[in-house]
Amino acid sequence: MAEEFRYALIVAGVLGMAALVIHGLWSNRKNNHEAKSRFFDESKNNEVAEGFDEFGVGKKRKLAPGEKPQPKPEVIKAPRSDRLREPVKKIRRQETELSQSEREEPSMSFSAGADDEQHHQQYQAEDEAPQAEAVANEVLILYVLMPEGQDINGAMLLPSLLTLGFKYGEMNIFHRHQDSAGSGEVLFSLANMFNPGTFDLEEMDKLQTRGLSLFMTLPGPGEALQNFNLMHNAAKKLAEEFGGQVLDGQRSMLTVQTVRHYVERIREFQRQQLLRG
């Protein structure tokens, strides 16, 4: 009995497995058939859609007898700037000229004081005769400036200037000549640092000024370095006497380094004079 029951279970299992295999084969065949049916329908529709091929391009249309072809649409070009029509070389030349004009800087006077430069030019025009070849001159300037709220009194300034060898003269300013007695060529001059820049000898007792300017011209009489030392010493003595400060040509504090720079300028000027020689 047990043996028969075991055979029955085996037969049932075999039949079940066979049924599963048959069902799987049937399902696979059914899916393949549906996919082929869909692919066939889409390709069929594409072939008959409005006479266009798979890339959307239709067949070339033939004109009927007497029918004229349609004109081609006009191509509208974007407007171009007139500058684009200019030759490249012309544009580059204009840009080069523009860049050069931008780099050019207006010429500036080497003198920090406009009044001092005016006195120097007038004095030079009266004393120097025109030469065949123009020689470039240079002006060395020192200032004596008082602190804010303090002034130099003219009645006290006049005897100090006379002691230092200055003489009142042309352009209504003071000059230091080769001879301390007032003879010989002018080594350097002294003017009022502020407007009007001159001195009225008859009104010196009424003069009140905050600063003085001392200047010398290159080339000048005698030894340039020696003349500068005299001018520098005069500026220091005036500053010490009235409680002021000595400034350079840029109206900055005069330092040892600045004095060396003045000496270098003098030597360079003399070297250029020898080369022109």
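Colleague: Why does Tyr168 count as partly exposed?

Modeller: In this predicted model, Tyr168 has 29% relative accessibility. Buried means under 20% and exposed means over 50%, so Tyr168 falls in between and counts as partly exposed.

Colleague: And what makes Phe174 buried or exposed?

Modeller: Phe174 has a relative accessibility of 0%. The cut-off for buried is under 20%, so Phe174 is buried.

Colleague: Why are Tyr168 and Phe174 called an edge-to-face aromatic pair?

Modeller: Happy to walk you through that one. Their ring centres lie 5.2 Å apart, and a pair needs centres within 6.5 Å.

Colleague: Which aromatic pair does Phe174 form with Phe199?

Modeller: Phe174 and Phe199 are edge-to-face, with 5.3 Å from centre to centre and 65° between the planes. Phe174 belongs to strand β4, while Phe199 is in the loop between β5 and β6, so this pair ties together parts 25 residues apart in sequence. Phe199 has a relative accessible area of 3%, so with the limit at 20% it is buried.

Colleague: How do you know that the charged end of Arg251 sits over the ring of Tyr143?

Modeller: The charged end of Arg251 is 5.1 Å from the centre of the Tyr143 ring. The distance cut-off is within 6 Å, and the charge is listed as sitting over that ring.

Technical notes
Residues are numbered from 1 along each chain as its sequence is written. This is a predicted model: local features need pLDDT of at least 70, side-chain atom pairs count only at pLDDT 80 or more; totals for chains, interfaces and linings use all residues. Side-chain values use heavy atoms; hydrogens and water are left out. Rings of Phe, Tyr and Trp (its six-membered ring) pair if their centres lie within 6.5 Å; planes under 30 degrees apart count as stacked, over 60 as edge-to-face and the rest as tilted. Buried means under 20% relative accessible area, exposed over 50%, partly exposed in between (1.4 Å probe, protein chains only). Helices (H or I, at least four residues) and strands (E, at least two) are DSSP runs, numbered from the N terminus. A charge sits over a ring if NZ of Lys or CZ of Arg is within 6 Å of the ring centre and within 35 degrees of the ring normal.
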